[in-house]
Amino acid sequence: MSDPMDVLAPEHRRLRIGDAWRDAAGAATFAVEDPATGRTIAEVADADVVDGLAALDAASQAMAEWAATPPRKRSELLTATYRALTERAEEVARLITLEMGKPLAEARGEVAYGAEFFRWFAEEAVRVEGRYNTAPNGGYRILTVPRPVGPCVFVTPWNFPLAMGARKLAPALAAGCTTITKPAAQTPLTMLFLARIMEEAGVPPGVVNVVTTTRAGEVVSALLADRRTRKLSFTGSTEVGRVLLRQAADNVLRTSMELGGNAALIVCADADLDVALDGAMVAKMRNLGESCIAANRIYVEEPVREEFTARFAKRMAALSVGHGLDDGVDVGALIDEAAVTKIDELVADAVDRGARVLVGGERPDGPGHFYPPTVLVDVPDDARMLKAEIFGPVAPIISFTSDDEVIAKANDSEHGLAGYVFTRDLQRALRFAERLETGMLGVNRGLISDPSAPFGGVKQSGIGKEGSHEGILEYLDVTYAAIDLP
């Protein structure tokens, strides 16, 4: 099969600003590497503040016309994007695997998931409604009109380079907003390809701008300091999210924040263990564990702990590790050397504190950023991996003996993004749902992400929702008119 880079011509590895693909103002570039081999696969434009503000110029100039574009037309352009992504799914998936490292099957799943946001919000674009009603005292009428918030800045992560961009772009465009996207420096190619697809689908110039850079702090800070920016949406770590929230406060920007997670997966003694094992494998190993909703801590009730642990370890040990483009690979490369080092240190810390490694636990020799599927037991409460976001294929298993105990442990985190519960007792499941401090909960299910469902967390895992009807509301302001009608 052809080189995945063949789908992205050199002229489309530059900045997408307004109606042009252009070099960075300083002509700088940076290298993008294949994490499975360490080799450079492309050079892309490295923007500075001048380029970021040029993208904001383009978004601001296009704003009025795009906001006035009929909702049906915006819907049709999003539908055209969905169809183009679906038709070119294999090309997009191979590009994702090459720059991010996930196995091709995972990348195909991401393309299907990301494309679905364009289809969902194509349908939402024509269903934005205001209202007209009589004031309670009867003396006048109340008219409310939703309006797009204005130019939006998106900062997207490397772990889902297509889907995280799609989850922001689709509702923003449906609502009538223009956009500037700053993709992660590790994975800029997929977003550039998406911008090219949207250009070909007919999205007008200036509506979708893409600025690739290694100077994210400088560029994003300049964009947030400019009064023309009206919205920030960020997906990434809680630490960076706090910094961006402080910067956004100066201009009182609308913000959506999807931040870090520390998901607890709870297996009760009355669970169907086959279902629980399937769910745990998905919740832990989807995207190599490089997911904010990955099962970070697996709590198993004592009567089934031994059986669950043995079966889970066996399934983890059977996963194959290799280049994501090779046939039969289950676990690809992690994103970079820093990711591998972090995981290695978390495992070593747990072992030093008394944990035992059942599977994996040692990084392999050779090129690329690989770490094997790993299972640990007897993990003490003070192990760093129970507080940190692991973001890799490592599963600590901890036993529990009562619901009160496990709920207290699950809630003992600054994060509250996702959680998972496996039980055949409906009332027990509902009690968990009411008491767990989390924005999303999978009940007897390890896969919870869906464009039609509200994605978002509580506590320090974020602000706002993405996906679902709630997702488009994040990009709309409401104007209220009091109309005298004597």
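## Salt bridges across the model

A salt bridge, as the term is used here, is a side-chain nitrogen of Lys or Arg within 4 Å of a carboxyl oxygen of Asp or Glu. With that rule in hand, a search of the whole structure, which is a predicted model, turns up 33 salt bridges.

Let's look at one of them. Glu 90 and Arg 108 pair up through their side chains, with 2.8 Å from N to O. That N to O figure is why the pair counts: 2.8 Å falls within the 4 Å cut-off. The two partners come from distant parts of the chain, with Glu 90 sitting in helix α3 and Arg 108 in helix α4, 18 residues apart. As a bit of background, side chains of opposite charge can pair when their charged atoms come close.

## Two domains in one chain

So how is the protein chain divided? Domain 1 takes in 10-259 + 461-482, while domain 2 covers 263-443. Notice that domain 1 is written as two stretches of the chain. Taken over C-alpha atoms, the centres of the two domains are 31 Å apart.

There's also a label from a record. An unreviewed UniProt entry carries the annotation "domain: Aldehyde dehydrogenase" for residues 21-479. Over residues 21-479, the chain is 41% helix and 20% strand, and 36 Å lies between the end C-alpha atoms.

## Where the domains meet

Now for the meeting place. Here 27 residues of domain 1 are in contact with 28 residues of domain 2. Between them, the domains bury about 2200 Å², and 55% of that is on carbon and sulfur atoms. Which residues of domain 1 lose the most area to domain 2? They are Pro 103, Trp 158 and Ser 461, together giving 23% of what that side buries.

What about charged and polar links? The rule finds 1 salt bridge across this interface, along with 12 residue pairs in polar contact. On the domain 1 side, α3 (89-100), α4 (104-125) and α8 (238-249) each bring at least two residues that touch domain 2. The largest share, 5 residues, comes from α3. Sorted by type, the residues on this side of domain 1 come out as 10 nonpolar, 8 polar and 9 charged.

Key. Residues are numbered from 1 along each chain as its sequence is written. This is a predicted model: local features need pLDDT of at least 70, side-chain atom pairs count only at pLDDT 80 or more; totals for chains, interfaces and linings use all residues. Side-chain values use heavy atoms; hydrogens and water are left out. Domain bounds come from an automatic or database domain assignment. Contact means heavy atoms within 4.5 Å. Buried area is the accessible area (1.4 Å probe) that two parts lose on being put together, summed over both. A polar contact is a pair of N or O atoms within 3.5 Å; within protein, one must be able to donate a hydrogen and the other to accept it, and residues adjacent in sequence count only if both atoms are side-chain atoms. Helices (H or I, at least four residues) and strands (E, at least two) are DSSP runs, numbered from the N terminus. Ala, Val, Leu, Ile, Met, Phe, Trp, Tyr, Cys and Pro count as nonpolar, Asp, Glu, Lys and Arg as charged, and the others, Gly among them, as polar. UniProt positions are given in the numbering used here, feature names are shortened, and annotations may be inferred rather than shown by experiment.
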